[in-house]
Amino acid sequence: MVNAHRTKSQLLEELRQLHSELAEVKLMTEKRTHELYVSEERFSLAMRGANDGLWDWNLETDEVYYSPRWKSMLGFDEGELENNLNTWARLVHPDDKEVVLGKAHDYIDGRKDSFEVEMRMHHKDGHEVFVLSRAFLVIREFDGKPLRLVGTHVDITERKETEAYESKQAEILEMIAIGRPASEIYDAIALMYEARHPGMRCSMLELSGNKLMHGGAPSLPKEYCKAVHGLENGPSVGSCGTSTFTGQRVLVENIETDPKWEKIKHFALPHGMRCCWSEPIRNSEGKVLGAFGMYYDHPALPDEQELKDLVAAARLTGIVMERDQAQKRIRRLAYTDELTGLASRASFIQHLEEVTKASIRHGRHYGLLYIDLDDFKSVNDSLGHDAGDLLLQALAQRLVATCRESDFVARLGGDEFCILIEEIEQDYAANVAKRCLEAISQPIEIYSRKLTPTCSIGIAYFPDDAEDSSALLKAADISLYTAKDDGKNHYAFYQAELTHKAEYRFQIEQSLREAIEKQQLSLVFQPQINIESGEIFGVEALSRWLHPQLGQVPPSDFIATAERIGMIKPLTEWVLRTACDQLVAWKEQGLCSLRVAVNISPSLFLDNAFVRLIKRIIDEIGIAPAELELEVTEGVVQTDPRNLAIFQDLKDLGVLLSIDDFGAGYSSFASLKHLKVDYLKIDKYFIDDMLVDSKTFILIGSMVEMAQKLGYGIIAEGVEKLEQLDILRNLGCEIVQGYLFSKPVNAIILSELLHNETHREILGQCRMDKIV
C-alpha cells in the first residue's frame with residue numbers, strides 16, 4: 001500500500017510540473033506574439049511615412065520607443081536619448097507641453113476621436129523645430145483597455161516659417177493699404193526678412209536728388225545710419241550708393257577688401273558689418289528711388305533664396321516708397337493748409353476715416369482734440385486780417401511743438417484746429433490739452449501790439465464717445481462748447497465725469513508741489529499695542545493733506561501724484577523729519593520707550609542717497625536708530641536685487657525694518673530667506689475676514705508661525721473688534737494696531753492716549769471675556 005501511495009503522489013507531482021511547463025510555454029508564446037504584433041505595427045507605420053519620425057508610447061510603463069528618424073529630426077544620434085516619456089517632456093517647448101498632453105489624454109480617454117497636434121521641439125543645436133504629430137490608439141481586444149499610443153512626427157518647420165512670412169507680408173500690405181507712415185512699413189519689411197534669415201540686417205536708403213537719405217534700418221546701429229545719411233551716391237560709395245548710381249545690383253562679399261567700400265568702410269567695420277548686397281529700388285516706371293541693402297557679420301555672397309528675397313524686398317519697398325512720394329506730392333498740392341503749413345481739413349478728414357477703420361479692425365482707441373481760439377474775431381477787427389494770419393501761423397507752430405511726431409495736427413479753417421492722438425495712454429489727451437492751453441496763452445507781439453491769446457478745447461474718444469468719425473467730430477465739437485461755457489481757456493471731455501476727474505488730478509498735481517515745499521501737510525499717528533504687556537509699543541506716522549478747496553485729500557491720491565511728479569523724496573524726507581521731531585518731543589515728556597514707523601516708497605530703494613538721508617536725519621534730530629522703523633511693501637524686495645543691499649545697509653545703520661501689507665501681494669518666500677527685517681505686518685485684508693473665513697484664519701496662523709520660526713516679529717493692523725484681538729493673542733501675535741484702540745490722531749491727542757490707560761482697559765476686557 002505504501003509503494004502504491006508513493007506511485008500515485010509521484011504521478012500527481014509530474015502532472016503539476018507538466019501543467020506549469022505548459023503555462024510557461026503559453027506565456028512565452030503570447031509575449032512573442034505581442035512583440036511580433038508590435039514590430040509589425042511599427043513596420044507598417046514606418047512604411048506609411050518613411051520620412052516621418054516614429055514614436056510608440058507604452059501607457060502602462062511610460063516607456064517610449066523613438067525611431068532613428070525621430071531622433072535625427074532633432075539632431076540626436078541613435079544612442080543619445082532614453083526611451084521614456086521624460087525625453088519628450090524635456091525636448092518639447094514648455095508652452096506646448098500641457099496642450100499636447102491634454103489632447104493626448106482626451107483621445108486616450110475617448111473624449112476625442114483622433115489625435116493630431118502641432119508643437120515646438122528643441123533641436124540639439126538650440127533652434128526650434130515645428131512638428132506635426134498624429135497617432136492612433138492600440139487597445140486590448142478582450143476588455144478594450146488602451147495599451148499604447150503609436151504615432152509619427154513630421155517636420156513642418158519650413159511650412160510654419162512660410163506661414164509666418166506670408167502672414168507678415170499680409171500685415172505689411174495692410175499697413176500699406178491703410179496708409180501707415182512709410183518709416184513704420186520700412187522697419188516692418190526689414191524685420192520680416194531679418195526673421196526669415198537669422199543674422200541678417202537690412203536697410204533702405206531713399207534718393208533725394210543724388211543724396212542717400214535714411215529710410216529704415218531697425219537693426220543697424222544708429223551711429224552707422226547717421227554716418228551714411230546724406231552721403232552723395234557714386235560709382236564707389238558702398239553697395240547702396242553704387243547701386244543707386246548705376247541702377248544695377250551690387251553684391252559685395254567682403255566690405256573690408258572691396259574697393260567700392262574703401263571710402264566708407266570705416267563706418268561699417270566697427271559695427272561688425274562684413275558683407276553687403278544691394279538692389280536698386282524702382283518705381284512703376286523704372287526710375288531708381290533708392291536701394292535695399294542686406295548685411296551679414298561675416299563675408300558671404302547670397303544663396304539662391306537670399307537673392308530672391310533681395311529682389312522681392314526691393315520690389316515691395318518700391319511700392320511703399322513710390323506711394324509715399326506720391327502722397328507727399330499730393331499733400332503739398334491739396335492736403336496742406338497754405339497759411340499755416342499744417343494738414344488741411346480735407347487731409348484731416350481722410351486721415352480720421354483711415355484711423356477709424358484701422359481702430360475698428362484692430363480694436364484700438366484714439367482721442368480727438370477740437371481747438372478753437374477765444375475771441376479771435378476781435379484780433380481781425382482791431383488789427384486787420386494780416387495780423388490775424390500772423391497769429392494763426394505762430395499758434396499753429398506752438399500746437400505742433402506740444403505734440404508727439406505721431407500726433408496728427410490740422411487746421412480745419414478759420415481759427416479752428418484739431419489734433420488726432422493714436423494709441424493713447426490714460427490721461428494723455430488731457431495732458432496734451434493742458435500743454436496746448438499753456439502754449440497758446442503765452443504772450444505774443446504782432447505789429448507792436450502785445451497779445452495774450454487763449455483757446456478752448458473739446459476732447460472726445462473713439463469708440464467710447466462715438467461709433468464713427470463724423471459722430472466723433474461732433475462729440476468733440478459739443479465738448480468744445482462745453483469748455484467755452486465754462487469760461488473759455490479751458491478743456492472739457494465729452495463725458496462730464498471725465499472732466500471732473502481730470503481737473504481733480506491736475507489740481508492735486510498743481511497744488512501738491514507747493515504744499516510739500518511749504519510744509520502744508522500734517523501728520524497723524526496710530527498707536528501700536530503690545531498685547532502681552534498692554535503698553536503702547538510704538539506709533540505709525542501717516543501723512544494727511546487738508547486742501548482749502550478740495551478738502552481732505554486721500555493719501556492714496558496725493559502720494560501717487562507725488563510719485564508721478566517726482567516729489568516723493570521731499571515728501572518722505574518731510575515725514576521722516578516731522579515724525580522724528582515729534583518722537584523727541586514725547587521723550588522730553590518722559591515717554592522714552594516709543595518708536596515711530598514711517599512708510600517708505602519702493603522707488604526710494606533705488607536711490608543711492610537714501611541710506612545717507614536716513615543717517616543724516618537720525619544724526620541731526622538726535623534719536624537712536626532703533627527708535628525709527630521703516631515700512632516697505634513686500635513687492636520692493638522682488639523688483640530689484642539691489643534692494644537687498646539697501647536692506648543690509650539700513651540694518652547696519654541700526655534702524656528697524658518691517659514688511660508692510662504682508663500677504664496682500666505676491667509674497668516671495670525666497671526673498672524672506674535673505675531679508676534682514678524685524679517685523680512682518682499682516683495686512684488688514686486678512687484681519688477683516690478672519691472671523692468669517694476659516695481659510696483666512698489658517699493663513700494668519702501660518703504667517704505668525706512662520707514669522708516666529710524665522711525670527712521676525714508680527715504686527716497685525718486693522719484690528720477693530722475684541723474677537724479679532726482674542727484670536728490674535730491665542731495665535732501668538734505680539735503687536736496690534738487699529739480702530740479698536742485708536743484711529744490715527746494728531747500728536748496732541750496721542751500724547752493724552754500715552755498718559756491714560758484706555759488701551760490697557762481694552763486688553764483687560766478681552767481677557768475677562770475670555771475667562772467668562
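**Exercise 1. Describe how helix α13 and helix α14 are arranged relative to each other, and which residues meet.**

Step 1: the axes of helix α13 (residues 385–402) and helix α14 (residues 428–440) come within 9 Å of each other and cross at roughly 145 degrees, where axes are lines fitted to C-alpha atoms, for helices over the stretch in contact, and angles run from 0 to 180 degrees between N-to-C directions. Helices (H or I, at least four residues) and strands (E, at least two) are DSSP runs, numbered from the N terminus. The model is predicted, so that local features need pLDDT of at least 70 and side-chain atom pairs count only at pLDDT 80 or more, while totals for chains, interfaces and linings use all residues. Residues are numbered from 1 along each chain as its sequence is written, and side-chain values use heavy atoms, with hydrogens and water left out.

Step 2: with contact taken as heavy atoms within 4.5 Å, Leu 395, Arg 398, Leu 399 and Thr 402 of α13 meet Arg 435, Cys 436, Ala 439 and Ile 440 of α14. The residues of this contact divide into five nonpolar, one polar and two charged, where Ala, Val, Leu, Ile, Met, Phe, Trp, Tyr, Cys and Pro count as nonpolar, Asp, Glu, Lys and Arg as charged, and the others, Gly among them, as polar.

**Exercise 2. Work out the strand order of the five-stranded open sheet, and state which helices lie across β3 and β4.**

Step 1: the order is β2-β1-β5-β4-β3, with antiparallel pairing, two strands being paired if DSSP finds at least two bridges between them. The edge strands, each pairing on one side only, are β2 (64–66) and β3 (115–122).

Step 2: β3 and β4 (residues 128–139) are joined in the antiparallel sense over eight bridges, and Phe 115 has Ala 135 in β4 as its bridge partner.

Step 3: helix α4 (residues 94–108) lies across β1 (53–58), β3, β4 and β5 (146–155), running at about 155 degrees to β3, whereas helix α5 (residues 157–178) lies across β3, β4 and β5 and runs at about 125 degrees to β4.

**Exercise 3. Identify the pairing partners of strand β19 and say how far β19 is covered.**

Step 1: β18 (residues 522–530) pairs with β19 (residues 536–547) in the antiparallel sense over eight bridges, and Ser 522 has Arg 544 as its bridge partner. In their hairpin, Gly 534 takes a positive phi near 80 degrees.

Step 2: β21 (residues 596–599) pairs with β19 in the parallel sense over three bridges, while β20 (residues 551–553) runs antiparallel to β19, also joined by three bridges.

Step 3: nine of the 12 residues of β19 are buried, meaning under 20% relative accessible area (1.4 Å probe, protein chains only).

Notes: Buried means under 20% relative accessible area, exposed over 50%, partly exposed in between (1.4 Å probe, protein chains only).
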